[in-house]
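Visitor: I have a protein model open and I'd like to learn how to read it. Could you take me through it step by step?

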Amino acid sequence: MTQDNANMSDKDAGSGDLFNTAAGWVLFAAALGLGLSILSGKYFHADNPERPETLGYIIEGVEETGSGPAEISFAEALASVTPADGEKAFAKCAACHSVEQGGANGVGPNLYGVMGAKFGHNPSFGYSSAISGAGGNWGWEEMNQWLANPRGYIDGTSMGFAGLSKIEDRAAIALYLNTFGSNIPVPEFVPAAAEEEAEPASDEAAEAGAEEGAAEAEATSEETAETAAS
Ligand code: HEC
């Protein structure tokens, strides 16, 4: 009998532990759920304020088929903004960059003449090896991708800037930069409807293709010469 009693209380104690453990897991799961919902609330909410503005601009009377806003081309974005818009947007960069001729380097290099110049264009600035070793020129598309996501575009850059999500902001800043000692030609934006009739454009493309071919041929003959020499 006494043994039975002892056994019973053992059992009771055992199920009590089990209950505590179970209750602990329930509490943990609840806390996790709450934490996740707070986090996701933050992330998804953060995007909302910008979305309608972007959508309103892009689709203008066209029914959207895909999910998410369709991104316009950089040429179209460039056609929709002015250097003055860029001057305003450049406020986000001015903490680290000056742009006037002879302006001082800050955390980042003075950007005078950067459009069209090579990556790491300012000899008085100590660039990261990521930029100085990347090899390339700041054309419109390069600047677009860089400003969208600097670290995504040039892995390991020391530019501590997350990027600009709006293509119009990136276009405006590129136009603004282009007015400081660069003035490289702005790509022409041809709306899709007009494109079909624009015969000369395809002639130009053919010409460019021919030029590329010639350059390639030259490179090949150089290579051949080198091979012959060695
Ligand atoms: C927190 C400081 C900081 C901010 C803000 C910042 N940059 Fe930079 N930027 C840098 C640094 C540092 C570098 C050099 C990066 C390297 O060497 O890897 C750089 C490099 C650059 C370059 C390459 C220059 C060259 O000579 O090749 C461009 C272009 C540029 N930034 C544009 C911008 C623009 C436009 C903005 C605003 C949208 C901006 N940056 C915001 C710090 C900053």
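Guide: Let's start with contacts. Two residues are in contact if their C-beta atoms, placed from the backbone, lie within 7 Å. In this protein, among contacts with a separation of 6 or more, 55% are between residues 24 or more positions apart.

Visitor: Is this model predicted or experimental, and how are the residues numbered?

Guide: It's a predicted model, where local features need pLDDT of at least 70 and side-chain atom pairs count only at pLDDT 80 or more, while totals for chains, interfaces and linings use all residues. Residue numbers start from 1 along each chain, as its sequence is written.

Visitor: How many helices and strands are there in the protein?

Guide: Helices (H or I, at least four residues) and strands (E, at least two) are DSSP runs, numbered from the N terminus. Here you get ten helices and zero strands. Read along the sequence, the pattern is α-α-α-α-α-α-α-α-α-α.

Visitor: And what share of the residues counts as buried?

Guide: You count neighbours for that one. A residue is buried if 20 or more other C-beta atoms lie within 10 Å of its own, exposed if 12 or fewer, and partly exposed in between, with C-beta atoms placed from the backbone. Of the 230 residues of this protein, 17% come out as buried.

Visitor: Which residues of α6 are buried?

Guide: Here's a handy idea to keep in mind. An α-helix has 3.6 residues a turn, so residues three or four places apart point the same way. In α6, the buried residues are W140, M143, N144, W146 and L147. Their cover includes α3 (74–79), α7 (150–153) and α8.

Visitor: How do α6 and α8 pack against each other?

Guide: Axes are lines fitted to C-alpha atoms, for helices over the stretch in contact, and angles run from 0 to 180 degrees between N-to-C directions. Helix α6 (residues 140–148) and helix α8 (residues 167–178) pack at about 125°, and their axes are 9 Å apart. That angle makes α6 oblique to α8. As for the cut-offs, under 35 degrees is roughly parallel, over 145 roughly antiparallel, 65 to 115 roughly perpendicular, and the rest oblique.

Visitor: Is the crossing left-handed or right-handed?

Guide: A crossing is left-handed if the near helix is turned anticlockwise from the far one by less than a right angle, and right-handed if clockwise. The crossing of α6 and α8 is right-handed.

Visitor: Which residues meet there?

Guide: From α6 you have W140, M143, N144, L147 and A148, and they meet R170, I173 and A174 of α8. Sorted by class, this contact has six nonpolar, one polar and one charged residues. For the classes, Ala, Val, Leu, Ile, Met, Phe, Trp, Tyr, Cys and Pro count as nonpolar, Asp, Glu, Lys and Arg as charged, and the others, Gly among them, as polar.

Visitor: What about the loops? Where is F189 found?

Guide: F189 is in the loop between α8 and α9. It counts as partly exposed because it has 15 C-beta neighbours inside 10 Å. Leaving out residues up to four places away in sequence, F189 touches A75, E76, L78 and A79. F189 and S73 are 116 residues apart in sequence, yet 8.8 Å apart in space, C-alpha to C-alpha.

Visitor: Is P191 buried or exposed?

Guide: P191 is exposed, because 9 other C-beta atoms lie within 10 Å. P191 also lies in the loop between α8 and α9.

Visitor: What is the phi of N183?

Guide: Phi of N183 is near 60°, a positive value in a residue other than glycine. N183 belongs to the loop between α8 and α9 (192–195).

Visitor: Last one: which residues come nearest to the ligand?

Guide: A residue is near a molecule if its C-beta atom, placed from the backbone, lies within 6 Å of it. Of the 26 residues around the ligand, C93, C96, G108, Y127 and S128 come nearest. By class, this shell has 16 nonpolar, nine polar and one charged residues.
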